[in-house]
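Subject: Structure handover

Hello,

Here is the structure you asked about. Please open it alongside this note; my findings follow below.

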Amino acid sequence: MAAESPAGQSPSRGKRADAQRNRQTVLDAAAEVFVASGVDAPIRQIAARAGVGMATIYRHFPTRADLVTAVYRHQIEACAEAGPDLLAGADSPFDALCRWTDLFVDFLVTKHGLADALQSDSDRFAALHAYFLDRLLPVCARLLDAAVDAGDIRPGTQPYELMRGIGNLCIGRDNDPRYDPRRLVALLLRGLREPQAS
């Protein structure tokens, strides 16, 4: 006990850790609710999913736009950080690319309604889109390069066009419950393979 920080530091550090955990819990719950109910879902639904009071949500995110932006930034970071981990742990670079694409599809499905939610704040939306490209394009490029180097896929696919193509395949999901973007994304990825790799 004598090695602990001086009095006054541990409680504040503990409070900061609790606040960070609460924030993380709210972001995870909001992402789940956004997938199920859209970005206009009631804040009380997010609070109930997170197991916190509505005051906790408003303390961290004073406006809905603040919450929506934070959810997407959080998911962009998770998707960006997953790329190198998947590449290090997957059976092949192509497997890592496929698994990362699943995460990217999850993100895109949650992203539905983002433009509408931030319609009154075009600067915030533009900054978030730029952040999205800055963080995810290099990760996608690294995965594609590794798959090409391993002979898993043909060279020539640009990260932006792959991400844009996946995004376009995800658009129709909301209008037709029979539509499964994951199946079409899997077909798209198979189309990238070298004949001997498949």
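pLDDT is the predictor's confidence in each residue, on a scale from 0 to 100. You will need it, because this is a predicted model.

Confidence

The protein chain has a mean pLDDT of 85. Of its residues, 84% reach 70 or more. Helix α2 (residues 43-50) has the highest confidence in the chain, with a mean of 95. Helix α6 (residues 114-117) has the lowest, with a mean of 60. Also look at residues 1-9. Their pLDDT stays under 50. For this stretch the model has two contacts beyond four places in sequence. Where pLDDT is low, the predicted coordinates should not be read in detail.

Helix α5 against helix α7

Start with helix α5 (residues 93-111) and helix α7 (residues 122-149). Their axes come within 8 Å. The crossing angle is roughly 155°. Angles over 145 degrees count as roughly antiparallel, so α5 and α7 are roughly antiparallel to each other. Their crossing is left-handed.

Which residues of α5 meet α7? They are Pro-93, Phe-94, Ala-96, Leu-97, Trp-100, Phe-104 and Phe-107. On the α7 side are Phe-132, Leu-136, Val-139, Cys-140, Leu-143, Leu-144, Ala-146 and Ala-147. By class, this contact of α5 with α7 has 15 nonpolar residues, no polar ones and no charged ones.

An aromatic pair

The whole structure holds five aromatic pairs. One of them is Phe-104 with Phe-132. The ring centres of Phe-104 and Phe-132 are 6.1 Å apart, and their planes stand at 20°. The pair is therefore stacked. Phe-104 sits in helix α5 and Phe-132 in helix α7, so the pair ties together parts that are 28 residues apart in sequence.

Helix α8 against helix α9

Next, helix α8 (residues 159-170) and helix α9 (residues 181-191). They pack at an angle of about 150°, and their axes are 9 Å apart. That angle makes α8 roughly antiparallel to α9. Here the crossing is right-handed.

From α8, the contact uses Leu-162, Ile-166, Leu-169 and Cys-170. From α9, it uses Pro-181, Leu-184, Val-185, Leu-188 and Leu-189. The contact of α8 with α9 has nine nonpolar residues, with no polar and no charged ones.

Helix α5 against helix α9

Helix α5 also meets helix α9. The axes of α5 and α9 come within 11 Å and cross at roughly 150°. These two helices are therefore roughly antiparallel to each other. α5 passes α9 in a right-handed crossing.

Phe-94, Leu-97, Cys-98, Thr-101, Asp-102, Val-105 and Asp-106 are the α5 residues in this contact. They meet Arg-182, Val-185 and Leu-189 in α9. What classes of residue make up the contact of α5 with α9? There are six nonpolar, one polar and three charged residues.

Best wishes

Notes: Residues numbered from 1 in each chain as written. Predicted model: local features only at pLDDT ≥ 70, side-chain atom pairs only at ≥ 80, totals over all residues. Heavy atoms only, no water. Helix = DSSP H or I, 4+ residues; strand = E, 2+ residues; numbered from the N terminus. Contact = heavy atoms within 4.5 Å. Axes fitted to C-alpha atoms, helices over the stretch in contact; angles between N-to-C directions. Parallel < 35°, antiparallel > 145°, perpendicular 65-115°, else oblique. Left-handed = near helix turned anticlockwise from the far one by under 90°. Nonpolar A, V, L, I, M, F, W, Y, C, P; charged D, E, K, R; others polar. Phe/Tyr/Trp six-rings, centres within 6.5 Å; stacked < 30°, edge-to-face > 60°.
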